[in-house]
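Morning, everyone. Let's look at pockets and cores today. Please have the structure open as I talk.

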Amino acid sequence: MKIITYNVNGIRSAINKGWLAWLQATDADVVCLQEIKATPDVLTDLGLVDAMGYQHYWFPAEKKGYSGTAIFTKILPKHIEYGCGIPDFDREGRCIRVDFDEVSVMSVYFPSGSSGDERQVFKYRFLDEFGKYLTLLKVTIPNLVVCGDYNICHKPIDIHNPKSNANSSGFLPEEREWMENFIEGGFIDTFRHLNKEPHHYTWWSFRAGARGKNLGWRIDYAMASTPLEANIRRAAILPEAKHSDHCPVLLELEF
């Protein structure tokens, strides 16, 4: 099973940059999207997605042009779960899950706290409440992949300048501690599981040519619950895909 997670930072914008041709060439089984910033009714290209063999499930935010998640899948799921049952998060379209026989795959868009103190407080509440939700969920669904934009760099290796960003949202001690506890609580950072090298990032600022200089942050993850460890075959970051300020992350599982 080939799984891709991608914060497209507006699916209409990504489509205008050739995203659909990339999607067809990539030929993933499951594609988790974040920050779609659209509802499916405004997209004129969904027939092309259908022609590729994808079922597509959407969980947009109530606010127009903001947040939202979606999952495209060539494997028919036995169940689709929209949201997590926490109204403040579900209003922003923060997560959607598809359940298959061997595994469940979730697309999650964690809040950013970079716009100010109020959203940082919201982010901490999300980490606390959504973390508890996932802890309970993996009891009933032990084979769980939680894909998405976590808006957190876990360790200094995951950010281009850890010293100057020590007080930046996304690399704060409390956020990094949450990520450490999340992993220790039963999840595998699949990319780091197979690749210990530095300078691998998934997001770059639009400012000062950051992407060309590879001055990035690794904030997008495909986290697999520990029972799936033996099923992990490949994990990779795909920086050559340039439809967003993020790039896709790939996970291949074998069952």
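Start with the second largest pocket: its lining divides into four nonpolar, three polar and six charged residues. Remember that this is a predicted model. The pocket holds about 230 Å³ of space. Its lining has 13 residues. Find H154, K155, I183, D189 and R192, which lie nearest the centre of this pocket.

Which elements each supply at least two residues of this lining? They are α6 (173-184), β9 (187-189) and α7 (190-194). β9 gives the most, with three residues.

Now the largest pocket. About 680 Å³ of space lies in it. Its lining has 30 residues. Nearest the centre are S112, S114, N151, W203 and I219. By class, this lining has nine nonpolar, twelve polar and nine charged residues.

On to the cores. The largest nonpolar core has 28 residues. Which of them touch the most other members? I3, V30, V103, V105 and V145 do. Several strands each supply at least two residues of this core, among them β2 (30-34), β3 (55-59) and β8 (144-149). The largest share, three residues, comes from β14.

Zoom in on V30. Leaving out residues up to four places away in sequence, V30 touches M1, K2, I3, I4, I71, F72, T73, F100 and V105.

Definitions and conventions
Residues numbered from 1 in each chain as written. Predicted model: local features only at pLDDT ≥ 70, side-chain atom pairs only at ≥ 80, totals over all residues. Heavy atoms only, no water. 1 Å grid on protein atoms, 1.4 Å probe; cavity = no way out; pocket = protein on both sides within 12 Å on 5 of 7 lines; lining within 4 Å. Points joined across faces, edges and corners; volume = space filled by probe spheres on them. Nonpolar A, V, L, I, M, F, W, Y, C, P; charged D, E, K, R; others polar. Helix = DSSP H or I, 4+ residues; strand = E, 2+ residues; numbered from the N terminus. Core = buried A, V, L, I, M, F, W, Y, C linked by side-chain atoms within 4.5 Å. Buried < 20%, exposed > 50% of the residue type's maximum accessible area, 1.4 Å probe, protein only. Contact = heavy atoms within 4.5 Å.
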